Amino acid sequence: MTFKTIHYLAIALLAAAVCSCQKDPSTSDLHREYLVYTDRDRAADFAAFETFYLPDSILIIGNNKQTEYWKDGDALEIVGTVAAELELAGYLRTAEKESADLGIQLSYVERETYYVGSGNPYWWSYYPYYWSPGFWGDWMDWYYPYRVYYGYTAGSLLLEMINLDSNPVGEKRLPVVWDSFISGLLTSNATLNQERTLEAVAQAFAQSPYLYK
């Protein structure tokens, strides 16, 4: 072995030693950020949908077992942002849900913690009418055509896109063709909470390019 070879080998070993001593990137600050998760029915033809119906309030999932709606200025701003993103994607908002191709429902987890699994996604069953399948018509229940497993904690927002044109033979179930789960929105600053929520809604659509016509 020549001196030159030994010299190069020593440099390589030194470089490896330096790299092995480097720490992995810290993840301790990730809890300060919000998380935006999206998924879809890969068999859905989003280009075939033209119209959507979006209520002007958000369902609150909290400690109260009675149906509660979030309807103040902040809620209307969130609803308006969702509507604007859908219109930008090429869909037309309609005032009549009976004539809509898609139903959009928004839910906010204010206090309690919920878990959703694809085998039993009825976390809203304790809240009569809104969102019940009957809100959208003569339907029995829901289903996700894709696997869904996640938990909801305080400060989480859920956006769900329902295919109202679905009418499978022998089925009375509404398919959720797209959903977005947003967590980490709740801080001690109400203004910051709203800003993070609006940013997260925009991010949900940004990372779902298949929605755009």
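Predicted model: local features only at pLDDT ≥ 70, side-chain atom pairs only at ≥ 80, totals over all residues.
## Basis

Residues are numbered from 1 along each chain as its sequence is written. Local features need pLDDT of at least 70, side-chain atom pairs count only at pLDDT 80 or more, and totals for chains, interfaces and linings use all residues, while side-chain values use heavy atoms, without hydrogens and water.

## Largest pocket

The largest pocket has a volume of about 250 Å³, the space filled by probe spheres set on its grid points, joined across faces, edges and corners. A pocket is an open set of points on a 1 Å grid over the protein atoms alone, where a 1.4 Å probe fits, with protein on both sides within 12 Å along at least five of seven lines; lining residues have an atom within 4 Å of a point.

The lining has 13 residues, and W70, D74, Y108, L186 and N193 lie nearest the centre. Six are nonpolar, three polar and four charged. Helix α3 (residues 190–206) contributes the most, with four residues; helices are DSSP runs of H or I with at least four residues, strands runs of E with at least two, numbered from the N terminus.

## T81

T81 lies in helix α2 (residues 73–88). T81 counts as buried because its relative accessibility is 19%, where buried means under 20%, exposed over 50% and partly exposed in between (1.4 Å probe, protein chains only). Leaving aside neighbours within four places in sequence, T81 contacts L198 and V201 (heavy atoms within 4.5 Å).

## Salt bridge

The structure holds one salt bridge, defined as a side-chain nitrogen of Lys or Arg within 4 Å of a carboxyl oxygen of Asp or Glu. K213 pairs with E50, with the closest N and O atoms 4.0 Å apart. The pair links distant parts of the chain, 163 residues apart: K213 is in the segment after α3, and E50 is in the loop between β1 (35–40) and β2 (51–53).

K213 is partly exposed at 44% relative accessible area, and E50 is partly exposed at 43%.

Technical notes:
Nonpolar A, V, L, I, M, F, W, Y, C, P; charged D, E, K, R; others polar.
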